[in-house]
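The following paragraphs lead the reader through one protein structure. Please keep the sequence and the model in view while reading.

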Amino acid sequence: MNKYLLATVWAATFLATTISFAQGDVIAQVKETIKAGSAKELSRYLNQTVDVTLEDGAQSYSKAQAEFVFRDFFKQHPPVEFNIIHQGTSKGGQTFGIGQYKTDSETYRVYMKVKTVDNQQLVHEISFAKE
């Protein structure tokens, strides 16, 4: 019986580590797409519906619409630098990331929430707020 318990504990630990790595990985992937100013690549990590907050307010978009919105945003505000300054998991278990997006003349605080959809980590909400 102890062998089964040990195997179960080991499997649970491995699974938790894998999930934790995967959550951090989606934030890292999104970071690279934003850093490159690639709306097309960013859309790969967006949920089918995503809440987007930009200078003109908050709006829910389909994944395809959000790609166009971000394409225009990156075109008007090309990235010079983007870094994740904090990431973690809320008490409710939701993964989030906070970053700083810099253009030639502006700096934005970026906040994103990640949700699990069909065993895949996807951005459900993202906001760019001028600092």
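The model is a predicted one, in which local features need pLDDT of at least 70 and side-chain atom pairs count only at pLDDT 80 or more, while totals for chains, interfaces and linings use all residues. Residues are numbered from 1 along each chain as its sequence is written, and side-chain values use heavy atoms, with hydrogens and water left out.

The chain contains 3 helices and 6 strands, taken from DSSP runs (H or I of at least four residues for helices, E of at least two for strands) and numbered from the N terminus. Their order from the N terminus is α-α-β-β-α-β-β-β-β. Among contacts (heavy atoms within 4.5 Å) with a separation of 6 or more, 43% join residues 24 or more positions apart.

Confidence is expressed as pLDDT, the predictor's score for each residue from 0 to 100. The chain averages 87, and 82% of the residues score at least 70. The lowest mean belongs to α1, at 63, and the highest to α2, at 98. Over residues 5–23 the pLDDT stays under 50, and the model has 4 contacts beyond four places in sequence for this stretch. Where pLDDT is low, the predicted coordinates should not be read in detail.

Attention may now turn to the interior. A nonpolar core is a set of buried Ala, Val, Leu, Ile, Met, Phe, Trp, Tyr and Cys residues joined through side-chain atoms within 4.5 Å. The largest such core has 26 residues, of which Ile34, Phe70, Phe74, Tyr101, Ile126 and Phe128 touch the most other members. At least two residues of this core come from each of α1 (2–36), α2 (39–43), β1 (46–54), α3 (63–76), β5 (107–117) and β6 (120–130). The helix α3 gives the most, with 5 residues. Leaving aside residues up to four places away in sequence, Ile34 touches Leu42, Phe74, Pro79, Phe82, Tyr101, Ile126 and Phe128.

Helix α3 also holds Lys75. Is Lys75 buried or exposed? With a relative accessible area of 68%, Lys75 is exposed. Its C-alpha atom is separated by 9.7 Å from that of Ser38, 37 residues apart along the chain.

Key: Buried < 20%, exposed > 50% of the residue type's maximum accessible area, 1.4 Å probe, protein only.
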